[in-house]
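Please walk me through this protein structure. I am new to it and would like a plain account.

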Amino acid sequence: MIDLNTPLLAIDVGRGTQDILVYEPGRAIENSIKLVLPSPTVVTAEKIRQATGAGRPVFLDGFLMGGGANTGAVREHLAAGLPIYATPEAAGTLHDDLEKVRSMGIDIRTDPPEDAVTVHTTDYMEPELKNALSLFCVGYPENVAVAVQDHGYSPHRSNRIHRFELMRERLDAGDWDLLSLVADPPLADMTRMQAVRRQAPGALVTDTGPVALIGALCDPRVRQQAKEGVILVNAGNGHTLCFALKGREIYGIFEHHTGALTPAKLQHYIRRLADGTLTSEEVFDDGGHGAAVRKPLVTNAVAVTGPNRLRLLPEACQAAPFGDMMLSGCFGLMYLWKQLREG
């Protein structure tokens with residue numbers, strides 16, 4: 001059980017969904033208010049496609065946010081022969097190098113043309129969430145914790161390499177402890193996290209991958225496995241992150257794109273991670289982010305969470321903390337709030 005002293009709004013922003021938990025002290029987590037909604041990038045993409053269908057120009061205005069569906073919608077809009085304008089910060093959603101954004105055909109400016117549809121860019125949809133909760137007479141907690149996936153600022157080199165280098169640096173600095181991948185406040189280089197912090201200055205903002213795995217450890221079966229050693233996998237909609245973990249010590253880690261994985265390929269990477277032979281080059285050359293291995297871990301225990309868990313690892317222990325797999329990231333955020341803000 002995670003008992004917090006004050007209410008908390010936990011938001012885990014993924015590629016397909018944003019998963020939301022409203023925690024109130026004294027209320028069982030199973031009875032807490034929970035929502036699984038379209039992710040901000042999906043919402044933004046739909047607004048752009050509506051403008052495309054109407055034959056209207058689009059003006060992107062707001063904050064740097066995660067890409068994915070919105071980037072695809074931008075390309076479709078431009079391919080239809082319709083213009084897109086963007087403020088400098090909103091343009092950073094598409095690439096850290098604004099010259100590359102301009103080369104896509106996007107006009108970077110501060111003011112919208114009169115006929116353009118303005119689409120607000122953000123990973124933190126505070127007004128919409130406040131409105132939704134208010135319709136059910138649910139208060140909006142003062143304390144907020146948000147998870148987003150951040151590759152770090154990398155305008156002139158692969159953001160996959162940059163993201164994994166930052167992860168390796170954090171692991172080395174924290175002696176490969178489970179919480180070493182979490183920084184509160186986030187690193188200055190993490191521009192997506194920093195954008196959320198500007199909108200919610202007191203928020204705990206961290207990365208989606210580690211929080212889902214930390215949350216999975218709230219499942220008693222997984223927590224017991226971790227005492228002896230477990231391969232712990234978060235099979236998300238966009239990325240799959242895998243830890244070899246014993247206690248709180250990370251023995252090894254790799255991250256790949258979920259869409260590029262099959263059950264057989266993931267099992268291959270898991271075996272290589274466990275025996276300590278997996279290399280970062282192997283994962284990167286396959287289109288993933290990378291790997292970092294400190295030492296082998298002798299274990300047959302594999303636990304998985306995330307929306308693609310049954311597709312990729314149907315035979316593994318299916319982690320369901322507090323009976324709800326989709327909220328693993330939110331439970332991880334709760335755990336971190338307890339450790340970092342109330343501990």
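Overall build

Of the 343 residues in the protein, 54% are buried; here buried means under 20% relative accessible area, exposed means over 50%, and partly exposed is in between, with a 1.4 Å probe and protein chains only. The model is predicted, so local features need pLDDT of at least 70 and side-chain atom pairs count only at pLDDT 80 or more, while totals for chains, interfaces and linings use all residues. Residues are numbered from 1 along each chain as its sequence is written, and side-chain values use heavy atoms, with hydrogens and water left out.

The protein holds 13 helices and 15 strands. These elements are DSSP runs numbered from the N terminus, with helices being H or I of at least four residues and strands being E of at least two. Along the principal axes, the C-alpha atoms fill a box of roughly 65 × 50 × 35 Å. The radius of gyration of the protein is 20 Å, which agrees with the value near 20 Å for a compact globule of 343 residues. That radius is taken over C-alpha atoms, and the globule rule is 2.2 Å times the number of residues to the power 0.38.

A buried strand

Which strands pair with β10? Two strands pair if DSSP finds at least two bridges between them. One partner is β11 (residues 239-246), which pairs with β10 in the antiparallel sense over 6 bridges. The two form a hairpin with 3 residues between them, and Val233 stands opposite Cys242 in β11. Another partner is β14 (residues 302-305), which runs parallel to β10 and is joined to it by 4 bridges. There, Ala303 of β14 is the bridge partner of Leu232.

Rings and charges

A pair of aromatic rings is described by the distance of the centres and the angle of the planes. Rings of Phe, Tyr and Trp (its six-membered ring) pair if their centres lie within 6.5 Å; planes under 30 degrees apart count as stacked, over 60 as edge-to-face and the rest as tilted. By this rule the count is 2 aromatic pairs. One of them is the tilted pair of Phe254 and Tyr269, at 5.5 Å centre to centre and 45 degrees between the planes. This pair links distant parts of the chain, 15 residues apart, with Phe254 in strand β12 (residues 249-257) and Tyr269 in helix α10 (residues 263-274). Phe254 counts as buried at 0% relative accessibility, and Tyr269 counts as buried at 3%.

A charge sits over a ring if NZ of Lys or CZ of Arg is within 6 Å of the ring centre and within 35 degrees of the ring normal. The charged end of Lys295 sits over the ring of Tyr251, 4.7 Å from its centre. Lys295 belongs to the loop between β13 (290-293) and β14 and is partly exposed at 33% relative accessibility. Neighbours within four places in sequence aside, Lys295 is in contact with Glu249 and Tyr251. Elsewhere, the charged end of Lys130 sits over the ring of Tyr140, 5.3 Å from its centre.

Details in the loops

The loop between α6 and α7 (191-199) contains Pro185, and the peptide bond from Asp184 to Pro185 is cis, with omega near 5 degrees. Asp175 lies in the loop between α6 and α7, and has a positive phi of about 55 degrees although it is not a glycine. Trp176 also lies there, with a positive phi near 60 degrees.

Note on methods:
Contact = heavy atoms within 4.5 Å.
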